[in-house]
Amino acid sequence: MKVLMFGWEFPPHIAGGLGTACDGLTRGLAKQQVEVLFVMPSASGDEDQTAVRIINASDVAAFHTKKEARQIFDKVQFLKVTSNLIPYLGPDEFEEKVDLEREKEWNEFRISFGQKYKFSGKYGTTLMEEVMRYSLVAAAIARQNQFDVIHAHDWLTYMAGIAAKRVSGKPLVIHVHATEFDRSGENVNTQVYDLEKRGMEAADKVIAVSHLTRNTIINRYHIDPEKVVTVHNAVDFSSREHREITRGVPEKIVTFLGRITFQKGPEYFIEAAYKVLQKTKDVRFVMAGSGDMFNRAVRRVAKLGISPNFHFTGFLKGEDVKNMFAYSDVYVMPSVSEPFGISPLEAMRANVPTIISKQSGVAEVLHHAIKVDFWDVNALADAIYGLLTYPALTAMTVRCGLEEVNALKWDNAALKVRDIYESVIREKSKIQ
Amino acid sequence: MKKTLCLYFQVHQPYRLRQYRFFDIGKNHDYFDEFANKTIMSRVAERCYIPANRLMLDLIKKYDGALRIAFSVSGIALEQMEQFAPQALDSFRELAKTGCVEFLAETYSHSLSSLISPKKFRDQTTMHVKAVEKYFEQKPTAFRNTELIYSDTIGEMVSGMGFSAMLTEGARHIMGWKSPNYLYVNALNPKLKLLLRNFRLSDDIAFRFSDKNWGDWPLTAEKYASWVAGALEKDDILNIFMDYESFGEHQKASSGIFDFLRALPGMVLNHSGIEMLTPTQAAIKHQPIAPLNVPYAISWADEERDISAWLGNELQKEAFENLYKIENLVRESNDTRLQRDFRRLQASDHFYYMCTKFFSDGDVHKYFNPYDTPYEAFINYMNVLSDITLRTTKKKV
């Protein structure tokens, strides 16, 4: 079995957990004898390709011949998105031109796309534009390659998945790692929402990373529950991570590690820190990460007057993340909305007792983390205090947590995903 | 000689803790959730204690002394009943006056003190005996420990306190090929007679009565009486022990449990060879057949029938050890409120809430647990314990 997989990032170039999840899943699939052709924009060449063949979307000329382009245009319909996009690839225009002036549009198109197209590969202001370009490239890739099923990760690639499905007639599985409601709360970007909904509707099966996300898909995007399947994320820890770290400070350290954005609930961490510091000064709080709420967070800390015991590290990656875990006595993930959340698992693997919000998908698979409602600052403060004060609690969460985390294998998740592939392929062949 | 059916019911309600945050430590000494405790006690009184006691009273009158039953009511349940459901307490006193109902002694707080401190165990028992004398005007002669916890040494202590009989579990791993349906004696002091719970027939009522997936559902009094008669064909004594709350609370009235209870004594007493006795009477009447060796503590809980539901993991052990560290300080203080709080914190239920076994099995645990996770239960309990510990040390200064 061969899968054409569309992603947006892959280790080591990652901005979020999506890359890590794609990595784990493709490795798991490879063990199940599933071939993966992973398409991502701007692959930089140093990705680990042991399990997957990465096609760099920037290396694919969109169309080789006029005939080919025409065939694709016959099979690919573009999405109508309420738009404030850059005009020359506005989806509005595309939609209308495809219907009315296919010939004329094709000429324009050749001018724009008749060469290798350079993708920036980073999230930025022209994201929508890039999403559309990516879908064009996807169609070309779908024509040039043989595969049995298409798998698209998150909304950035849904269009690509849809395009590939139209061209190839192969079944489409989309994988929802996060929804717009997770990223923006109630103030959703309607363009993104539309794209997500379109992707879910076009898919033969939708994979959600948690029951939490599955419910969002069913209730907020109105997708048939029959079609939506939960496959919890996993982690593959090659070995037990143990670092010797000499600490500069005697106090215990409580850590927040993640993007400092609405979704991650940094303000609840700060308020809880304040409460704990009212009771004991023998503790330091660290907020590691960057994001649009960073300045606000610094101001709030200053205003509460807890700066001597509260530290910001800025964005951390790679080794620094591991060192940060090694420094920590308590790890907190107070996310307002977290479709899954891999980082608590990394903390637990590093023997750090962990507090997670009940509003996270990972709470569905963990028993040995302390769970609180993200808004319940008192409960959060209490849990932090408990872990700092009662040794048996730390000992038990660490011991049982490690066992639990080590049992969450990508192999199991990949097995479920392969079953899903088989079911959509079977369904498709029935229809044909 | 007639064979014996012995019915015993446990009555217990803990004082549930309120959400006690660490900010409260050193400032606020109110630990208990008055609203929850009141609500639960009134509800259970209304659904179980009052209607079941009324039924028992009717039956005792109807069978004119032939129906005998036994209760143990924990001290903290008595306190709460007096406070929140005095009617229920009155109905128990009514039963006590009939002369057909035996009230057993136990630890006042439904505590695990037998596992850690002989002195505390004795104090707790003495206190409960006094409460039974006060409320029911009986001097208990039989003993049942919290959750039927028993070992050879616990039995010896109980015997040392002057009790002639004790109830415990007919645990499979202790009994082996032996039948629980006989009278046994303590291995260290044969003066103490042991009555062993027949768990299968007890759980048929307590757990399975309304389970429609159970092959023997629906359970009729007739069917059950035939099982009782079957068991007593060869053996001497059948001990059916369970939570009293099984009637009307765990098994809802709509399941027909009260009708079952109403019909059962008649069906059983129809058999000419069977009589109903209280534990003390049964222990006097029958001949013990053997000493029972129980080196490690057993109980009636879970599949394991051991003490792992309360002291199985490190959270529970830490909380338990820290609780009894302040025992002497509490005793020496003359602060009655402190002593009262300390008593309430000893209830085994608090440790049960910290049990992690239910991750794998045990709907029973969930049913009784006000906390979502054992970790929450532990943090809350330890916060309270921190405060009460501060109070004892302050008193000393």
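Colleague: Which residues does Cys100(B) touch, not counting residues up to four places away in sequence?

Modeller: This is a predicted model, so local features need pLDDT of at least 70, side-chain atom pairs count only at pLDDT 80 or more, and totals for chains, interfaces and linings use all residues. Residues are numbered from 1 along each chain as its sequence is written, while chains are lettered from A and ligands numbered from 1 in the order in which they are written. Touching means being in contact, with C-beta atoms, placed from the backbone, within 7 Å of each other. Once residues up to four places away in sequence are left out, Cys100(B) touches Ile60(B), Gly65(B), Leu67(B) and Arg68(B).

Colleague: And is Cys100(B) buried or exposed?

Modeller: Cys100(B) sits in the loop between α3 (86-97) and β3 (101-103) of chain B; helices (H or I, at least four residues) and strands (E, at least two) are DSSP runs, numbered from the N terminus. A residue is buried if 20 or more other C-beta atoms lie within 10 Å of its own, exposed if 12 or fewer, and partly exposed in between, with C-beta atoms placed from the backbone. Cys100(B) has 22 other C-beta atoms within 10 Å, so Cys100(B) is buried.

Colleague: How many strands are in the open sheet of chain B that includes β4 and β12, and which two stand at its edges?

Modeller: This sheet of chain B has 5 strands in the order β4-β5-β7-β6-β12, with mixed pairing; two strands pair if DSSP finds at least two bridges between them. Each edge strand has a single partner, so one side of each is left without a neighbour in the sheet. That's an open sheet of 5 strands, and its edges are β4 (142-144) and β12 (290-292) of chain B.

Colleague: Which residue of β5(B) does Arg144(B) stand opposite?

Modeller: β4(B) and strand β5 (residues 165-169) of chain B run parallel, joined by 3 bridges. In β5(B), the residue opposite Arg144(B) is Leu167(B).

Colleague: Which helix packs on that sheet, touching β4, β5 and β6 of chain B?

Modeller: The direction of this helix makes about 85° with that of β6 (184-186) of chain B. Such angles run from 0 to 180 degrees between N-to-C directions, and axes are lines fitted to C-alpha atoms, for helices over the stretch in contact. The helix is residues 152-160 of chain B, α5.

Colleague: How many residues of domain 2 of chain B are in contact with domain 1 of chain B?

Modeller: Chain B has domain 1 (3-292) and domain 2 (309-396), with bounds from an automatic or database domain assignment. Their C-alpha centres lie 24 Å apart. Domain 1 of chain B puts in 27 residues, and the number from domain 2 of chain B is 22.

Colleague: Now the two chains: how many residues of chain B are in contact with chain A?

Modeller: On the chain A side, α10 (266-279), β13 (370-372), α14 (377-389) and α15 (391-406) each supply at least two residues. In total, chain A brings 16 residues to the contact, and the count for chain B is 13.

Colleague: How many nonpolar residues are in the contact of α15(A) with α12(B)?

Modeller: α15(A) and helix α12 (residues 314-325) of chain B pack at about 170°, axes 9 Å apart, which makes them roughly antiparallel (under 35 degrees is roughly parallel, over 145 roughly antiparallel, 65 to 115 roughly perpendicular, the rest oblique). The contact is made by Ala392(A), Leu393(A), Ala395(A) and Met396(A) together with Glu314(B), Leu315(B) and Glu318(B). Ala, Val, Leu, Ile, Met, Phe, Trp, Tyr, Cys and Pro count as nonpolar, Asp, Glu, Lys and Arg as charged, and the others, Gly among them, as polar. There are no polar residues and 2 charged, and the nonpolar count is 5.
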